[in-house]
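I opened this notebook to record what I looked up in one structure.

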Amino acid sequence: MIIIRLDRVLADRKMRLNDLAAQVGISNVNLSCLKTGKVRAIRFSTLDAICKVLDCQPGDILEYVQGDD
């Protein structure tokens, strides 16, 4: 299972979701869905833009946790 840690990175950078959405160029709703893990996919271009704005690596935002499959 992939867990999205965007909220943790935002808190570390002292940045609000609205500010990130504006700088990345996606809607607050879409970014909120990403933050809460209610998405099934993310475009590499979106991930690239988020990492660029937050000055982080994709691994700072995405985490793999082994599930009970």
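Entry 1, Cys56. I note that the model is predicted. I looked up Cys56 and found it buried, at a relative accessible area of 9%.

How many disulfides does a search of the whole structure find? I found zero. Cys56 is in none, and its nearest cysteine sulfur, that of Cys51, lies 4.1 Å away. A disulfide would need the two sulfur atoms within 2.5 Å. For Cys33 I looked up the closest cysteine sulfur, which is again in Cys51, at 19 Å, too far for a bond. Cys33 is partly exposed, with 28% relative accessibility.

I looked up how helix α1 (residues 6-13) packs with helix α3 (residues 28-35): the angle is about 110 degrees and the axes are 8 Å apart. I therefore put α1 and α3 down as roughly perpendicular. On the α1 side the contact is made by Leu6, Asp7 and Leu10, and on the α3 side by Leu31, Leu34 and Lys35. I sorted the residues of this contact into four nonpolar, two charged and no polar.

The largest nonpolar core has 17 residues. Among those with the most contacts inside it I noted Leu6, Leu31 and Leu20. Which elements give two or more residues to this core? They are α1, α2 (17-24), α3 and α4 (44-54). The largest share, five residues, comes from α4.

Leaving aside neighbours within four places in sequence, I listed the contacts of Leu20 as Leu6, Leu10, Met15, Leu31, Ile50, Val53 and Leu54.

Definitions and conventions:
Residues are numbered from 1 along each chain as its sequence is written. This is a predicted model: local features need pLDDT of at least 70, side-chain atom pairs count only at pLDDT 80 or more; totals for chains, interfaces and linings use all residues. Side-chain values use heavy atoms; hydrogens and water are left out. Buried means under 20% relative accessible area, exposed over 50%, partly exposed in between (1.4 Å probe, protein chains only). Axes are lines fitted to C-alpha atoms, for helices over the stretch in contact, and angles run from 0 to 180 degrees between N-to-C directions. Helices (H or I, at least four residues) and strands (E, at least two) are DSSP runs, numbered from the N terminus. Angles under 35 degrees count as roughly parallel, over 145 as roughly antiparallel, 65 to 115 as roughly perpendicular and the rest as oblique. Contact means heavy atoms within 4.5 Å. Ala, Val, Leu, Ile, Met, Phe, Trp, Tyr, Cys and Pro count as nonpolar, Asp, Glu, Lys and Arg as charged, and the others, Gly among them, as polar. A nonpolar core is a set of buried Ala, Val, Leu, Ile, Met, Phe, Trp, Tyr and Cys residues joined through side-chain atoms within 4.5 Å.
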